[in-house]
Amino acid sequence: ASLRVSLSDLLLELLNYMVYVLHLIMMVFDNNSADNNGGVIYAADDIVIDKINAVFKNNVAGHNGGAIYTAGRSIINTVNAVFDSNSAQSGGAIYFENDGTGSSSTYINYLNGEFKNNTASVLGGAIANKNKYAPITNLLGEFTNNKVESNSMTVSGGAIYNTGVKS
């Protein structure tokens, strides 16, 4: 008798029991898309991304986070990145979602980025933080030509829209 387990089946089973830690170093993400959230990265439910050192360019999300979407107790420890020409309804480059638990566990600890030419149609041309419990800590960056473009009167935050706390 033989036992065959596909790698994808094994990974899916492991995902049910682990907190995930990812390292994305020296990566270029160009022309990626998602119908809903996170054109490149969708980090939800106990995902830990320890380090991102990357370029995010021309990525699109149908709803939130043209490059990165975070929610549900997800942590991104360090981001050193260029975000160029990404787009979404909210958070042209990065979007933080409120997981509804009242915890402050969804956050980016250190963000050093160059944000240019990112667009949103509702909130935060570059960054939208809708998690009122989550701080954006240690934010360093250069913001150039990020914008919210819409015919609606309910648009906010050409570069950053923040309902969370800034520390």
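These are my notebook entries on a predicted model of one protein chain.

**Entry 1: ground rules.** I number residues from 1 along each chain as its sequence is written. The model is predicted, so I keep in mind that local features need pLDDT of at least 70, side-chain atom pairs count only at pLDDT 80 or more, totals for chains, interfaces and linings use all residues, and side-chain values use heavy atoms, with hydrogens and water left out.

**Entry 2: the chain as a whole.** Of the 167 residues, 40% are buried; buried means under 20% relative accessible area, exposed over 50%, and partly exposed in between (1.4 Å probe, protein chains only). I then checked contacts, meaning heavy atoms within 4.5 Å. Among those with a separation of 6 or more, 82% are between residues 24 or more positions apart.

**Entry 3: a parallel sheet.** In what order do the strands of the open sheet stand? I read S3-S6-S9-S12-S16, five strands with parallel pairing. Two strands pair if DSSP finds at least two bridges between them. Strands S3 (41–44) and S16 (160–162) are at the edges, each with a single partner strand, so one side of each has no neighbour in the sheet. I also zoomed in on S12 (residues 127–129), which runs parallel to S16 and is joined to it by three bridges. Ile-127 is opposite Ile-160 in S16.

**Entry 4: aromatic rings.** How many aromatic pairs does the structure hold? I found six. Rings of Phe, Tyr and Trp (its six-membered ring) pair if their centres lie within 6.5 Å; planes under 30 degrees apart count as stacked, over 60 as edge-to-face and the rest as tilted. Phe-29 and Phe-56 are stacked, because their ring centres are 5.1 Å apart and their planes are at 15 degrees. This pair links distant parts of the chain, with Phe-29 in strand S1 (residues 20–30) and Phe-56 in strand S4 (residues 47–57), 27 residues apart. Both Phe-29 and Phe-56 are buried.

Next I looked at Phe-115 and Phe-143, also a stacked pair, at 4.7 Å centre to centre and 0 degrees between the planes. They are 28 residues apart, Phe-115 in strand S10 (residues 107–116) and Phe-143 in strand S14 (residues 139–144). Phe-115 is buried at 0% relative accessible area, whereas Phe-143 is partly exposed at 28%.

**Entry 5: the nonpolar cores.** A nonpolar core is a set of buried Ala, Val, Leu, Ile, Met, Phe, Trp, Tyr and Cys residues joined through side-chain atoms within 4.5 Å. The largest one has 23 residues, and Ile-52, Phe-56, Ile-68, Phe-83 and Ile-94 have the most contacts inside it. S4 gives the most to this core, with five residues. Leaving aside neighbours within four places in sequence, I saw Ile-68 touching several residues, including Ile-41, Ile-52, Phe-56 and Phe-83. A second, separate core of six residues includes Tyr-69, Ala-71, Tyr-95 and Ala-128.

**Entry 6: Ser-90.** Is Ser-90 buried or exposed? Ser-90 is buried, at 6% relative accessibility, and sits in strand S8 (residues 87–90). Its C-alpha atom is 5.4 Å from that of Val-122, 32 residues away along the chain. Not counting residues up to four places away in sequence, Ser-90 touches His-63, Tyr-95 and Ala-128, among others.

How values were computed
Helix = DSSP H or I, 4+ residues; strand = E, 2+ residues; numbered from the N terminus.
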